[in-house]
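Reader: Please show the model first. I will then ask about its contacts and strands.
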Amino acid sequence: MRITCPLCGERDRREFYYQGAAVALTRPGPEAGEAAWDDYIHNRENPCGVTRDLWHHEMGCGAWLVVTRNTATHEVLEVELATDTKRTGT
């Protein structure tokens, strides 16, 4: 699988560290309550198909990226800097 870093260009996925679903970008606010935080911390979906994941370009520029990809085909559909994505709930 190849990932195109917006700063470095196309690279092999072994340069990147997979952090999981990009839920860290939509975490609940401090006032959200225990149920919202419990759900955020402990419950994860494992969908087959298109996902948004958080990746760290560990062996490159060090940027955090949001990678939209298809888990069934490994096709990378979009890559953007995590700092450029719209954050909600914070």
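Reader: How many salt bridges does the count come to?

Author: This is a predicted model, where local features need pLDDT of at least 70, side-chain atom pairs count only at pLDDT 80 or more, and totals for chains, interfaces and linings use all residues. Residues are numbered from 1 along each chain as its sequence is written, and side-chain values use heavy atoms, with hydrogens and water left out. A salt bridge is a side-chain nitrogen of Lys or Arg within 4 Å of a carboxyl oxygen of Asp or Glu. By this rule the count is five.

Reader: Which residue forms a salt bridge with Arg52?

Author: Arg52 is partly exposed at 39% relative accessibility (buried is under 20% relative accessible area, exposed over 50%, partly exposed in between, with a 1.4 Å probe and protein chains only). The closest N and O atoms of the salt bridge are 3.7 Å apart. Arg52 lies in strand S4 and its partner in strand S6, so the pair ties together parts 28 residues apart in sequence (strands are DSSP runs of E, at least two residues, numbered from the N terminus). The partner is Glu80.

Reader: In S5, what is the bridge partner of Asp53?

Author: Strands S4 (residues 50-56) and S5 (residues 64-70) run antiparallel and are joined by seven bridges; two strands pair if DSSP finds at least two bridges between them. In S5, the partner of Asp53 is Val67.

Reader: What is the order of the strands in the open sheet?

Author: The sheet has four strands with antiparallel pairing. Its edge strands, S3 (17-21) and S6 (76-81), each pair on one side only. The order is S3-S4-S5-S6.
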